[in-house]
Amino acid sequence: MRTLYVGNLPWATTEEELARAFAAHGEVLSARIITDRQTGRSRGFGFVEVNDADAERMIAAMNGAELGNRVLTVNEARARS
C-alpha cells in the first residue's frame, strides 16, 4: 500500500468524490480530506491510499488533472517527521 498526497483540492470536494476520481485509474483503499480542527472546513488537500501496483499510474494520470476547475497536484506522500 502507498499513500498519495493530493493538493489544490476544491473546498467542496468530498472524500467519496476524491476516491471516485482516483478509482478510474486503479484500486483505492481509502481517501481522506484534511480539515481544519476549529472550523471543520477542508484545508484543500488530502491523501489517497492505493495498491503499490497502481500508484505510479495514478500519479501520472491525476497529477495536473482538473477536478472542480482546479488543477491537482499529486505525488507520493512523505512520511511525517
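Reader: What is the volume of the largest pocket, and which residues are the closest to its centre?

Author: In this predicted model, the largest pocket has a volume of about 420 Å³. Its lining has 16 residues, and R32, I34, F45, F47 and R80 are the closest to the centre. Strand 1, strand 2, strand 3 and strand 6 (73–76) each give two or more residues to the lining.

Reader: How do the lining residues divide into nonpolar, polar and charged?

Author: Six are nonpolar, three polar and seven charged.

Reader: What makes the pair of Y5 and F45 tilted?

Author: The angle between the planes is 35°. Stacked needs under 30 degrees and edge-to-face over 60, so a pair at 35° counts as tilted. The centres are 5.9 Å apart, within the 6.5 Å limit for a pair. Y5 lies in strand 1 and F45 in strand 3, so the pair ties together parts 40 residues apart in sequence.

Reader: Why is the pair of F45 and F47 called edge-to-face?

Author: The planes of F45 and F47 stand at 85°, with the ring centres 6.0 Å apart, so the pair is edge-to-face; the cut-off is over 60 degrees. Y5, F45 and F47 form one aromatic cluster.

Reader: Why does Y5 count as partly exposed?

Author: Y5 has 27% relative accessibility. Buried means under 20% and exposed over 50%, so Y5 is partly exposed. F45 and F47, by contrast, are buried.

Reader: Which residues have the most contacts inside the largest nonpolar core?

Author: They are L4, V6, L18, F22 and V74, in a core of 17 residues. Helix 2 supplies the largest share, four residues.

How values were computed
Residues numbered from 1 in each chain as written. Predicted model: local features only at pLDDT ≥ 70, side-chain atom pairs only at ≥ 80, totals over all residues. Heavy atoms only, no water. Core = buried A, V, L, I, M, F, W, Y, C linked by side-chain atoms within 4.5 Å. Buried < 20%, exposed > 50% of the residue type's maximum accessible area, 1.4 Å probe, protein only. 1 Å grid on protein atoms, 1.4 Å probe; cavity = no way out; pocket = protein on both sides within 12 Å on 5 of 7 lines; lining within 4 Å. Points joined across faces, edges and corners; volume = space filled by probe spheres on them. Nonpolar A, V, L, I, M, F, W, Y, C, P; charged D, E, K, R; others polar.
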